[in-house]
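Trainee: I have a new model open and want to walk through it. Can you take my questions as they come?

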Amino acid sequence: MPASVELTPVLATADGEAVQAPHSQQHKETRALAETIVVTSGKGGVGKTTTSASLAVGLAQRGKRVAVIDFDIGLRNLDLIMGCERRVVYDFVNVIQGDCQLRQALIKDKRIETLFVLAASQTRDKDALTSDGVKRVLAELSAEGFDYIICDSPAGIEKGAHLAMYFADRAVVVVNPEVSSVRDSDRILGLLASRTQRAEQGNGGVKEHLLLTRYSPSRVASGEMMSIEDVKEILGLDVVGVVPESPDVLQASNAGVPVILNDNSDAARAYEDAVARLLGENVPFRFIEEPRKGFFARWFGR
């Protein structure tokens, strides 16, 4: 059973005004501690931030209270994909350094009542993050009544990536089905197994999930891309999601709308399925096989 804390839920708007949570009560209530999920990879450009945004939105759509944090100090992107870049007043580093209260830095999503963004700083370097500061922010988010905290990690193994994973309960390792991405992710798995708080305390370690992006069944069939089974065999992880290669992802990012909100996109449906699996639902995989050709396409070779 998860631990619990006494709290009075409080939410905030981007201008720093405290507002009462929609479901809050005047008396204190007992809630389970928030679950922290790091979205990570060994290689840049594989879709970590897109995945962080879509998982956060998907969980919030299911009624969960979600905060998503950008750990990529100096290279802020999460706020762009979430469409709230013009509303950033205070950032993650401001909170850690005591320049503002957490509630002043949290940006409330305009589309979903229970979703909040904590942006990274563009003007500081990664040394501005401290272990004690990150721990305090995560504890405060939990005390404010959030169900999930999504940590959008920078690529690789530098300080920001280490702090993003250190306090995690679960990890979603984002991988493109190609050799260099898989190889670099294997190194991240080693860090998750040895350099996190759960690993140090010996209480089960971080639960790891694999999410494949830019998957193309036709390229797998032609030998240009690794198959799902190939990646699973190398990394030794079960797959929580397979997101097909799609122009919808880039279009959504440019529009400042997480792709999961595109009702007509296969990528959106794939992220919805991944959210369901994270919540323990048994959902069959889609978009992992080539569409079958119709009679005339087979007959005329098209």
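Trainee: Ground rules before we go on?

Mentor: This is a predicted model: local features need pLDDT of at least 70, side-chain atom pairs count only at pLDDT 80 or more, and totals for chains, interfaces and linings use all residues. Residues are numbered from 1 along each chain as its sequence is written, and side-chain values use heavy atoms, leaving out hydrogens and water.

Trainee: What is the mean pLDDT of the protein chain?

Mentor: The mean is 87, and 86% of the residues reach 70 or more. pLDDT is the predictor's confidence in each residue, from 0 to 100.

Trainee: Where does pLDDT stay under 50?

Mentor: Over residues 1-30. The model has 66 contacts beyond four places in sequence for that stretch. Contact means heavy atoms within 4.5 Å.

Trainee: Back to H5. What span should its 13 residues have?

Mentor: H5 covers residues 131-143 and should span 18 Å; its end C-alpha atoms are 18 Å apart, which agrees. The expected span is 1.5 Å times one less than the number of residues.

Trainee: Which H5 residues are buried?

Mentor: Gly133, Val134, Val137, Leu138, Leu141 and Ser142. Buried means under 20% relative accessible area, exposed over 50%, partly exposed in between (1.4 Å probe, protein chains only).

Trainee: What does leucine 141 touch?

Mentor: Ala67, Ile69, Leu102, Leu106, Phe146 and Ile149, leaving aside residues up to four places away in sequence.

Trainee: How many residues are in the largest nonpolar core?

Mentor: It has 53, and Phe71, Phe92, Leu118 and Leu141 have the most contacts inside it. Helix H7 (residues 179-194) gives the most to this core, with five residues. A second, separate core of 37 residues includes Ile37, Ala53, Ile150 and Ala270. A nonpolar core is a set of buried Ala, Val, Leu, Ile, Met, Phe, Trp, Tyr and Cys residues joined through side-chain atoms within 4.5 Å.

Trainee: Now strand E6. Why is it largely enclosed?

Mentor: E6 is residues 66-70, and five of the five are buried, so the rest of the structure largely encloses it. Val66, Val68 and Asp70 are buried on one side, Ala67 and Ile69 on the other.

Trainee: Which strands does E6 pair with?

Mentor: E8 (residues 115-118), parallel, over four bridges. Five bridges join E6 to E9 (residues 148-152), also parallel. Strands pair if DSSP finds at least two bridges between them. Valine 66 has leucine 115 of E8 as its bridge partner. For alanine 67, the partner is isoleucine 149 in E9.

Trainee: Is serine 52 buried or exposed?

Mentor: Buried, with a relative accessible area of 0%. Serine 52 sits in helix H1. It touches Val39, Val68, Ile150 and Asp152, not counting residues up to four places away in sequence.

Trainee: What does helix H12 pack against?

Mentor: Its buried residues pack against helices H1 (48-61) and H11 (247-255), and strands E10 (170-175), E11 (207-215) and E12 (239-244). In H12, 10 of its 13 residues are buried.

Conventions. Helix = DSSP H or I, 4+ residues; strand = E, 2+ residues; numbered from the N terminus.
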